[in-house]
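Dear colleague,

I am passing on the structure below, and I would be glad if you could look through it before reading my notes. What I found follows directly after it.

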Amino acid sequence: MISTESTNIIITLIPAIIGAIYFIALFMRLNRSPIIGAIIGAGAGGIGAMVFMVPLGYCTFEPERKPIDAYFGIFLITIGVFVMLGIARSASNFLFAGRSGSLIAHQSSAGTFKGWLMPWLLLSPTLIILALFLYYPAMDTFRLSTLLARLGTSRTIFVCVDNFTRLLQPENFTLQTVLFFIIAIQLFIASQNTLKDKDSVWAQFFRLSLILSNLFFFFFVVLALLLNSSYYRVVITTFSLSTAIVIFSLIISLGIAYMAYQPIRGGNIYRTLLIWPYAISPPVAGIIFFIIFNNTGGVANHIIRFLGGDGFDWKDTTMAPLTIILASVWKALGFSILFYIAGLQNVPKDLLEAAAIDGANVWQRFVRITIPMLSPITFFLIITNISYAFFDIFGTIDFLTGGSGGTNVMIYEIYNLGIRNNDLGKSAAQSLVLFMLVVGITYLQFRTTGRRVSYGA
Amino acid sequence: MTHFSHEIIQDSSDMNRVMTSDTTKSLIRRLIPQRWYAHVVLWIACFFIGFPLFYAMLVSTQNNAQTINFQVIPGESLERNWQSVMVDRNLGRYMVNSVILAVIVTVGKTVLSLLSGLAFVYFRFPGKWVVFGFVLITVMMPTELLIIALFRFVSIQLDWGGTFQALALPFMASATGTFLFRQHFANIPSELSEASQMDGANPLQFLFRVLIPISWNTIGALAVIQFVYVWNMYLWPLLIAPGGADNQVVQVGLRSLLSVDTSISYGPLMLGAVIASLPPVIVFILLQKQFMSGFAITRDK
């Protein structure tokens, strides 16, 4: 018992030391007191290590656990430390800078009402609903993910991180280790991407290694796919479907919007005829495409046969994902068109005219002026389209394929596990994995494209 | 953008030479071919975007044999399909439920967002930024991710399974709405509230007599976004209100059309899909300007 206790202490101490070193370096660079930095850093690092481990009771490092559980424990600690150090860094910047944050700056006391009870009364309905129906279930998702729990019985069994590590199929242990290190390297490189000097040798090196490690990552993911583990396949399906939806919907909508934004006759009518599918629900999109791509009575095969083809089996593994992509792009297109039209109307005319005078042709003007000027909108649309492809796609899939034919995405798997198989713990664990992905993608988006987008001239 | 403007300045020496030949050329180019080209592309785009709906409408007038034989003219089975959708499968009841739910949630969300926006902009109280963070961070927590725990909480712990409040209440509060009105109110000159206070108005009078009358555009923006969102909800109603038409919404009700006979009946299914899409599409088309502005406000800053 003593040995596990001391392991726990060491596991908490190492992040605290790392945090302290990081903050000493940070504070020395900013000419602040290194001692205060060491205290803040050690505190943040230690809390970061404990934030996941204390609720879990350090169960991942018990001697009878598999090595993969220990790896997962280290992974959780890393995430906790990263998050806490980030929070501590912005908090210390906030405190040392005195006042910052545009949020506070433009709030003056002019015109405010008196009374301390009134604002709380006004806010209480919102706060109560958010606490009950968002915060409590969010906490419960974390708790459930460590349990073997079923609806209908109140008895639960604590299973540590088994619900997560089972996803990683313990028999492919070497593969897990390699994947784990590649992801760790990637995270490290991604964090280095924030280097101030974008053109330094280091920055270029990091950018190159990011591309290389991405290639490796995909190589190993494909390998994992070949080694036939079911959860990887769900993840890969999710990624490939959402990538296809985002790319097709953005390219097509930009093309259409480029035609529709100019002041042409009947522009408003065209615009209305182009954007209305946004209001169609994902299930209805699924139903309509289910009938169109039906093997027996669907119009798609009729047209293909009329043109001299054979007709396809729309339920097989190559065609089923395609029908999902088509239905989703059709439904999501209107939203992107609407925003691209608005964005194109805001591209300064004088800039385009100046470039035309300089001899830039239509294509050059489009690529070098229009697309960069649209980047904030593209950024916004990528995030909304990804969240569509991750979550709202559930209704489309449920009606169109029912998750068969290689269209079983993560949100569908969560529903299947939790409701149909009544395994709440595994389902909650997969919800958290999806949550991490969403947060990670959004974060990477902000880090990579977010900095480079042009916010107006 | 900066490096590009440098190029413009550097190259402006041969500006005059290009200009003379370009003005005549661009005049011709601008008048005829470019516009003509755009019209063709837009026609094709409108056709492909409209095709699924046209086809759905066509099928909803046909019986199964006509659909399978690819008949391109409308059939005469619309009345029969209507009968089977509205009478046999009771889709009308689902539609009424959806209308009630969408209206109540939209109104409720708008009112709660107005109240919290008022609290954040027109009051100073300790802990304001913590509370604002508490509300804003829920943008990162989509209901879909918490669906299992939420289901467990509402159906087991509250025992609300199949009730109306289980469908409506979890969606009444909105971080987006709060943020939208906060941004909107923050841009209203403070003289307005100072003047109202001098006239002796209390905060609620100020909200209803002064703020709401000048905020209809923003209210419309939130309302249209929320109406379409609530109308199109599927996963949550599917879980929490299983079976029966009593408290179920139309999106889930469409599932009952999948099994009208032993095999699929195309006509009723498509008719149901078209009927279920009409309210949000009409609302969205009528309020597209407000819809855009709502997103524009939340996106900036």
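Between chain B and chain A an area of about 10,200 Å² is buried, and carbon and sulfur atoms give 77% of that area (buried area being the accessible area, with a 1.4 Å probe, that two parts lose on being put together, summed over both). I49(B), L145(B) and I148(B) supply 7% of what chain B buries against chain A, more than any other three residues. This is a predicted model, in which local features need pLDDT of at least 70 and side-chain atom pairs count only at pLDDT 80 or more, while totals for chains, interfaces and linings use all residues. Side-chain values use heavy atoms, with hydrogens and water left out, residues are numbered from 1 along each chain as its sequence is written, and chains are lettered from A and ligands numbered from 1 in the order in which they are written.

Counting contact as heavy atoms within 4.5 Å, 109 residues of chain B touch 106 residues of chain A. There are two salt bridges between chain B and chain A (a side-chain nitrogen of Lys or Arg within 4 Å of a carboxyl oxygen of Asp or Glu), and a salt bridge joins the side chains of R152(B) and D140(A), at 3.2 Å from N to O. On the side of chain B that touches chain A, helix α3 (residues 33-59) of chain B gives the most, with 18 residues (helices being DSSP runs of H or I, at least four residues, numbered from the N terminus).

With kind regards

Notes
Helix = DSSP H or I, 4+ residues; strand = E, 2+ residues; numbered from the N terminus.
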